[in-house]
Amino acid sequence: MSVERTLTIIKPDAVAAGHIGDIIKILESNKFVIAAARMVSLSKKQAEGFYAVHRGKPFFESLSKFMSSGPALVMVLEGENAIARLREIMGTTNPANAAPGTLRKLYATTIEHNAIHGSDAPETAAFEISYFFPGLELL
Ligand code: GDP
């Protein structure tokens with residue numbers, strides 16, 4: 001295992017519901033260090049660029065609208081095995097299937113409004129970190 005960086009977004013639904021503090025508390029108690037953080041209000045174009053891999057999927061339009069619907073908190077998290085560990089703590093995409101105690105079980109409401117994003121692989125983390133924090137992807 002090694003120290004990694006990953007990108008997380010507290011999505012507009014969780015920000016609007018007042019869960020920034022709840023989510024950061026859980027991240028910190030799981031030994032993630034916040035290496036960078038920024039509140040963003042994404043334009044539709046920025047949301048589409050971030051989720052470009054999903055272009056063409058039936059939910060792409062709706063997802064891009066949702067992600068540009070209000071403020072979101074973007075963070076670079078650092079820690080041992082950060083990419084896989086964050087995915088575990090987040091829970092499955094659809095909160096209906098998420099394990100008890102996971103962030104999505106606790107704070108997501110639907111498969112789309114699912115509270116939090118986390119990079120799913122080192123290559124994705126590098127792209128996503130550079131999307132919001134150019135130059136910060138290298139440790
Ligand atoms: P993640 O890695 O768990 O975030 O899931 P994906 O990369 O597959 O999808 C990206 C995001 O698109 C998810 O977090 C959801 O917000 C949304 N999403 C994924 N699947 C669906 C779906 O079937 N319907 C809708 N409406 N949104 C979806």
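The legends below describe close-up views of the ligand and its pocket in a predicted model. Local features need pLDDT of at least 70 and side-chain atom pairs count only at pLDDT 80 or more, while totals for chains, interfaces and linings use all residues. Residues are numbered from 1 along each chain as its sequence is written, and side-chain values use heavy atoms, with hydrogens and water left out.

**View 1. Residues around the ligand.** The ligand is surrounded by Lys11, Tyr51, His54, Phe59, Leu63, Arg87, Thr93, Arg104, Ile111, Glu112 and Asn114 (each with a heavy atom within 4 Å of it). By class, this shell has four nonpolar, three polar and four charged residues (Ala, Val, Leu, Ile, Met, Phe, Trp, Tyr, Cys and Pro count as nonpolar, Asp, Glu, Lys and Arg as charged, and the others, Gly among them, as polar).

View 2. The protein covers 77% of the 550 Å² of accessible area that the ligand has on its own (Shrake-Rupley method, 1.4 Å probe).

**View 3. The ligand in the largest pocket.** More than half of the ligand's atoms lie within 2 Å of the grid points of this pocket, which is an open set on a 1 Å grid over the protein atoms alone, where a 1.4 Å probe fits, with protein on both sides within 12 Å along at least five of seven lines. Helix H7 (122-132) gives the most to the lining, with four residues.

Key
1 Å grid on protein atoms, 1.4 Å probe; cavity = no way out; pocket = protein on both sides within 12 Å on 5 of 7 lines; lining within 4 Å. Helix = DSSP H or I, 4+ residues; strand = E, 2+ residues; numbered from the N terminus.
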